[in-house]
Structure formats: C-alpha cells, structure tokens
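Have the model open as you read.

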Amino acid sequence: MRIQSSVLVHLGFGKYVRSDQVTAVIPIEEERGPGRRTFVHLQGQTDPIVASRAEDSIVRDLVQEPREVTQSRQQQEILHDLLMDLSNINPTVRRIARDEGGLDLERLEQRIREVVEE
C-alpha cells in the first residue's frame, strides 16, 4: 500500500482533499451519524475536517487497498458486533426465536465464534 500524491479523495458532501495531505483518519465515536462519520486531519491544519464517509472507505481511497481486504475487515467487524448483540439476548427471547421462528441463536453464535476465532 502506498499513498499516491496529488490524488483527490472524496470525503462526502462535495468535500475533497489531496491524499498526500492527510495525516490521520479517525472514526467519530461520539455524536456519530449522517454527515458525521470521520475526522480527517490534514497537514498544516490544526482542526480536522468532518467527513460524511466512513473511515475505512476513506482509507481505502487513500491507499488504494484492494477491495477484498476492506470487505473482509468490514465483515469481521460486523460479525464481532453481531456476536456482542447476540450475547445480550435473554433466554426467553432465544427460546421464542427457536421455537416460533426456527432461529437457533446458540448455533448461530457458535458458528460466528468459529469464523471470528480463525
């Protein structure tokens, strides 16, 4: 991976920056939402630009990382999030999902764990 100089990177909502001017890409964690996904720090500026695109999309455009690598990382993050959410489902809801909907959440959790741990 390498950053190409003088390549414009789209930050969303009509904002573009030169790829060789970006010094940091940081996901917004508090008050994140539409139009507020990522802080992009630029060389020579003290305050970051607020980008509406997700950090992984911006980084992919910066370094032109292969799409498959980015997708794999995103899929792993989604599986981690799903696993955490599944662990918070109480036993009664699990039983109802299994008996009424045919969805075995324990089996699903186990399969996700196997994939994530590999």
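Three strands form an open sheet in the order β3-β4-β5, with antiparallel pairing. β3 and β5 are at the edges with a single partner strand each, so one side of each is left without a neighbour in the sheet. From one strand to the next, the twist averages 25 degrees. This is a predicted model, where local features need pLDDT of at least 70 and side-chain atom pairs count only at pLDDT 80 or more, while totals for chains, interfaces and linings use all residues. Residues are numbered from 1 along each chain as its sequence is written, and side-chain values use heavy atoms, with hydrogens and water left out.

**Terms**
- Strands (E, at least two residues) and helices (H or I, at least four) are DSSP runs numbered from the N terminus.
- Two strands count as paired if DSSP finds at least two bridges between them.
- Angles run from 0 to 180 degrees between N-to-C directions, using axes fitted to C-alpha atoms, for helices over the stretch in contact (heavy atoms within 4.5 Å).

**Pairing**
- Strand β3 (residues 22-27) joins β4 in the antiparallel sense over five bridges, and Val 22 stands opposite Leu 42.
- β4 and strand β5 (residues 49-51) pair in the antiparallel sense over three bridges.
- In β5, Ala 51 stands opposite Thr 38, and Ile 49 stands opposite Val 40.
- The hairpin of β4 and β5 has six residues between the strands, and there Gly 44 takes a positive phi near 85 degrees.

**Helix across the sheet**
- Helix α1 (residues 55-63) lies across β3, β4 and β5, running at about 155 degrees to β3.
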